[in-house]
Amino acid sequence: MLKEMEVRALSISQHRNFQDVVVSHHKMISDVYESSPLYYKILFKSNKFILGISLLAIYVSYENPTIDQVKEYCGKLNIFSKNSISSFIVFLRVTGRIITKPNKYDKRKLNYLPTEKVLAETELLIKTMLFPLDRITTNFVERVNVSSENFVLDFFVKYSQIVFANIFLHVVIPESSCFILKDAGHMMIINIMVKHINAGRNQFAFNMVKSAKECGVSRTHLKKALLDAQKEGLLEVNSAEGQLTLNEAFHTMSTHYMSLYLACVEYGALYDETMT
């Protein structure tokens, strides 16, 4: 399955509208992000994102799914501690994003149910990819039942195949880890991509305080991510001049990252299997 997604990702990345799609996604997701910055900042750290999509993938794939199934699956991925899995699940429950109740056959286990709140939030996130993709995929929005009452659960019926194939971006594109294994990692990558697109050159003015605010993180957090990226040879930070210089390695990483992300979302959304 990864090979299929990579082939589609390459096609997306080479499309003449790819940069327009990135800019449109950034605008849409920034609007969504502002509605609940703490939640999305946490969610856009790769391991929390994987835990979130695993919850939904398991929910649509099994009858009476349990929290133990989620813990078992995520535990095998070797990117979580048991405490971090439990803590995030508690966070989702306390904030009204999942409901848990004792399993009727084994009271030691907990079944779970995603609430309307988390389904609505997830739908907004998915649509920040879907609507921009209409610029690349023929009649895309017309081919996706975006008005369905069960849109998110229908989406995850297919997208669960991506999850269970372990197609996770920090694994497939390890160079992205310096961003996406941190809170708001996705926002930091696309923030830089859009600033580069707007500047039209590899070296451009970069206001650390402004960008940190746009990503919902502290200046210290953003600077740490940038310095880690600099160590990996992705970019060069010139704080004194207020500039950022992107190396070819950053463009390769970020293009691969966004195009594969889009390919996977497209796969989940299309029921007719044809991704063109």
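Residues are numbered from 1 along each chain as its sequence is written, and side-chain values use heavy atoms, with hydrogens and water left out. Because the model is predicted, local features need pLDDT of at least 70 and side-chain atom pairs count only at pLDDT 80 or more, whereas totals for chains, interfaces and linings use all residues.

Rolling a probe the size of a water molecule over the atoms shows where empty space is left. A cavity is a set of points, on a 1 Å grid over the protein atoms alone, where a 1.4 Å probe fits but cannot get out; lining residues have an atom within 4 Å of a point. Grid points are joined across faces, edges and corners, and a volume is the space filled by probe spheres set on the points. Two cavities of 30 Å³ or more are present.

The largest cavity has a volume of about 330 Å³. Of its 26 lining residues, Phe49, Ile53, Thr122, Leu125 and Phe156 lie nearest the centre. Helix α7 gives the most to this lining, with six residues. The lining comprises 22 nonpolar, four polar and no charged residues, where Ala, Val, Leu, Ile, Met, Phe, Trp, Tyr, Cys and Pro count as nonpolar, Asp, Glu, Lys and Arg as charged, and the others, Gly among them, as polar.

The second largest cavity holds about 230 Å³ of space. Its lining has 18 residues, with Ser46, Phe49, Leu169, Tyr257 and Tyr261 nearest the centre. Helix α4 supplies the largest share, four residues.

Helices (H or I, at least four residues) and strands (E, at least two) are DSSP runs, numbered from the N terminus. Helices α7 (residues 116-133) and α15 (residues 248-269) pack at about 95 degrees, with axes 10 Å apart. Axes are lines fitted to C-alpha atoms, for helices over the stretch in contact (heavy atoms within 4.5 Å), and angles run from 0 to 180 degrees between N-to-C directions. The two helices α7 and α15 are therefore roughly perpendicular to each other (65 to 115 degrees).

Three strands form an open antiparallel sheet in the order β3-β5-β4; strands pair if DSSP finds at least two bridges between them. Strands β3 (203-205) and β4 (235-238) stand at the edges with a single partner each, so one side of each is left without a neighbour in the sheet. The twist averages 20 degrees from one strand to the next.

Methods: Parallel < 35°, antiparallel > 145°, perpendicular 65-115°, else oblique. 1 Å grid on protein atoms, 1.4 Å probe; cavity = no way out; pocket = protein on both sides within 12 Å on 5 of 7 lines; lining within 4 Å.
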